[in-house]
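Here are my notes on the model you sent over. Have it open beside you and go through the points one at a time.

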Amino acid sequence: ASVLALATGLGLGSAAHAAKPYATEIYSSAQLRSEAQACLGLLPQGQLPAVPNAAALRLRPLCSNSFLVLHSSVTRTPVLAIEKLTREQLLDAKGEARADEFFEDPRLKASERADLSDYRGSGYDRGHLAPAADQPDATAMAQSFALSNMVPQNPTHNRKVWPKLESDTRKYAQRSAAPVYVFTGVLFEGEVQKVGSNGVWVPSHLYKLVYDSANQRAWAQVLPNTADAQLGKPMSYAQFKQRTGLDILGQVPVRAN
């Protein structure tokens with residue numbers, strides 16, 4: 001089935017959305033129960049990364065078919081999305097019709113999540129952490145449009161520099177001899193801006209950390225969430241840890257660049 005047909009059948013189409021705003025049918029029973037075990041295969045060494053202030057942020061793992069997010073009920077956004085990219089998956093993703101049907105995640109209570117109304121008139125795009133273009137089939141594509149995979153992103157950033165980084169990452173993963181793990185996350189530095197009636201936090205920065213399991217090398221880009229953000233020379237994992245305070249890879253072996 002096409003993504004559009006799938007979305008309409010799930011009540012995600014424009015006409016049906018008001019009657020049925022939540023798409024439970026695109027998730028497995030384990031995914032609906034938010035069982036992290038449902039997607040540990042997406043993680044290097046099968047372990048969730050340690051995130052500072054996880055308890056204060058009230059983080060919750062949410063599994064989808066081809067990505068995992070750690071979602072905060074405080075920020076009402078994901079703080080991290082994790083993907084395991086392979087050449088086969090990305091070949092399947094080529095030509096997959098884009099869903100463009102955003103929806104509130106049915107696994108989250110209203111008090112934990114962003115709503116579609118939070119983004120209307122905000123001046124920000126609904127920016128994917130796990131990209132739609134990485135999704136290999138209609139169900140995975142539909143899942144990527146849950147607001148639990150979105151952050152308020154500067155429109156120019158979302159439509160220019162960020163797609164370039166996503167595309168470069170896909171091109172690299174297609175050349176790798178082994179799975180490439182991609183960690184896409186956000187930082188909240190300085191005074192936090194919020195949008196919508198639910199107070200959805202606007203990230204000050206977005207980052208993408210890439211780990212190639214074939215050669216155990218990792219590198220990252222950390223970009224401000226602004227229209228004038230530019231890609232620079234990728235930073236090493238040591239530099240990333242120093243810049244962000246995050247040790248996402250933990251005990252995963254990383255060779256010095």
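1. Start with the outward side of helix 8. The face turned away from the buried side of this helix carries A238 and Q242, both exposed. Bear in mind as you look that this is a predicted model.

2. Now turn to the other side. Which residues of helix 8 are buried? Helix 8 runs over residues 237-244, and Y237, F240 and T244 are the ones to find. They sit on the same side of the helix because they cover an arc of only 55 degrees around the axis.

3. Two other residues have a positive phi without being glycine. One is Q45, with a phi of about 65 degrees; you'll find it in the loop between helix 2 (29-32) and helix 3 (54-57). The other is R76, where phi is near 60 degrees, in the loop between strand 2 (67-72) and strand 3 (77-85).

4. Are Q45 and R76 buried or exposed? Q45 has a relative accessible area of 53%, so it counts as exposed, the cut-off being over 50%. R76 has 14%, so it falls under the 20% limit and counts as buried.

5. Next, look at T77, which belongs to strand 3. Its relative accessible area is 0%, so T77 is buried. Leaving aside residues up to four places away in sequence, T77 touches L70, H71, S72, M150, V151, P152, F188, V200 and W201.

6. You'll find it in helix 4 (residues 87-93), and Q89 is buried, with a relative accessible area of 11%. Its contacts, again without residues up to four places away in sequence, are S66, K84, D134 and P136. From Q89 to A138 is 49 residues along the sequence and 13 Å from C-alpha to C-alpha.

7. Time to zoom out. How many helices and strands does the protein chain have? There are eight helices and eleven strands. Among contacts between residues at least 6 apart in sequence, 68% join residues at least 24 apart. Of the chain's 257 residues, 53% count as buried.

8. What about overall dimensions? A compact globule of 257 residues would have a radius of gyration near 18 Å, and the protein chain has 17 Å, which agrees. Along the principal axes, the C-alpha atoms fill a box of roughly 55 × 40 × 35 Å.

9. Last, the surface and the charges. The protein chain exposes about 11200 Å², and carbon and sulfur atoms supply 49% of that area. As for charge, there are 27 positive and 23 negative side chains, and the centres of these two sets lie 4 Å apart.

Note on methods
Residues are numbered from 1 along each chain as its sequence is written. This is a predicted model: local features need pLDDT of at least 70, side-chain atom pairs count only at pLDDT 80 or more; totals for chains, interfaces and linings use all residues. Side-chain values use heavy atoms; hydrogens and water are left out. Buried means under 20% relative accessible area, exposed over 50%, partly exposed in between (1.4 Å probe, protein chains only). Helices (H or I, at least four residues) and strands (E, at least two) are DSSP runs, numbered from the N terminus. The arc is that of the directions from the helix axis to the C-beta atoms. The radius of gyration is taken over C-alpha atoms; the globule rule is 2.2 Å times the number of residues to the power 0.38. Contact means heavy atoms within 4.5 Å. Accessible areas come from the Shrake-Rupley method with a 1.4 Å probe; for residues, only the protein chains shown count as cover. Lys and Arg count as positive and Asp and Glu as negative; His and the chain ends are not counted. The place of a charge is taken as NZ of Lys, CZ of Arg, CG of Asp or CD of Glu.
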